[in-house]
Amino acid sequence: MAGTHGGRPSVFPTVLYADAKAAIRQLTEALGFTELSVYEGEDGSVLHAELVQGNGAVMLGSKGRGGVFATAMKDAGPAGVYVVVDDVDAHHRRAAEHGAEILMPPTDQDYGSRDYMARDLEGNIWSFGTYAPETQG
């Protein structure tokens with residue numbers, strides 16, 4: 001299978017935002033992502049950004065920029081993304097302290113994970129937990 005070696009993730013959730021700069025601020029300040037790269041257009045829109053957490057990453061950009069992907073995503077609803085974190089309770093505290101909308105507090109699941117759920121400024125659902133299934137590599 002291509003893309004499963006070399007220490008790089010092979011799946012990148014991609015989300016478009018009406019205000020991508022505000023999304024980047026919330027994802028980094030409240031939800032613990034680290035900004036890897038941000039490319040802006042002359043008009044200040046975010047053409048492409050990559051944010052990382054652990055060994056995973058999410059790509060994002062501004063809505064309405066044109067192009068095949070933006071056109072295909074034009075009427076897309078909110079996305080849901082699951083992110084593995086080591087300390088769910090500390091992560092939740094940080095998100096709550098930064099005013100993130102918490103939909104579910106840290107909760108122990110029947111399948112052995114501890115998770116919480118938050119909604120970002122544009123309605124996307126971010127779940128953070130300890131469940132990390134092994135993948136073949």
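Reply: Start with Glu101, which forms a salt bridge with Arg119; their closest N and O atoms are 3.1 Å apart. This pair links distant parts of the chain. Glu101 sits in strand S6 (residues 101-108), Arg119 sits in strand S7, and the two are 18 residues apart. Keep in mind that the model is predicted.

How covered are the two partners? Glu101 has 39% relative accessibility, so it counts as partly exposed. Arg119 is partly exposed as well, with a relative accessible area of 31%. Salt bridges that share partners also join Asp89, Asp108 and Arg114 into one network.

Look at one pair in that network. The side chains of Arg114 and Asp89 meet in a salt bridge, at 2.9 Å from N to O. Arg114 lies in strand S7 (residues 114-119) and Asp89 in helix H3 (residues 88-97), so the pair ties together parts that are 25 residues apart in sequence. Arg114 is partly exposed, with a relative accessible area of 24%. Asp89 is at 28% relative accessibility, so it too counts as partly exposed.

Side chains of opposite charge can pair when their charged atoms come close. A search of the whole structure finds 5 salt bridges. One of them brings together the side chains of Lys21 and Glu40, at 3.4 Å from N to O. Lys21 is in helix H1 and Glu40 in strand S2 (residues 34-40), 19 residues apart, so this pair also links distant parts of the chain. Lys21 is partly exposed, at 34% relative accessible area. Glu40 has 45% relative accessibility and counts as partly exposed.

H1 (residues 20-29) is mostly covered, with 7 of its 10 residues buried. Among the buried ones are Ala20, Ile24 and Leu27.

Ser62 lies in strand S4 (residues 56-62). Its relative accessibility is 8%, so Ser62 counts as buried. The side chain of Ser62 reaches the backbone nitrogen of Val46 at 2.8 Å.

Val84 belongs to strand S5 (residues 80-84). Val84 is partly exposed, with a relative accessible area of 40%.

Terms used:
Residues are numbered from 1 along each chain as its sequence is written. This is a predicted model: local features need pLDDT of at least 70, side-chain atom pairs count only at pLDDT 80 or more; totals for chains, interfaces and linings use all residues. Side-chain values use heavy atoms; hydrogens and water are left out. Helices (H or I, at least four residues) and strands (E, at least two) are DSSP runs, numbered from the N terminus. Buried means under 20% relative accessible area, exposed over 50%, partly exposed in between (1.4 Å probe, protein chains only). A polar contact is a pair of N or O atoms within 3.5 Å; within protein, one must be able to donate a hydrogen and the other to accept it, and residues adjacent in sequence count only if both atoms are side-chain atoms. A salt bridge is a side-chain nitrogen of Lys or Arg within 4 Å of a carboxyl oxygen of Asp or Glu.
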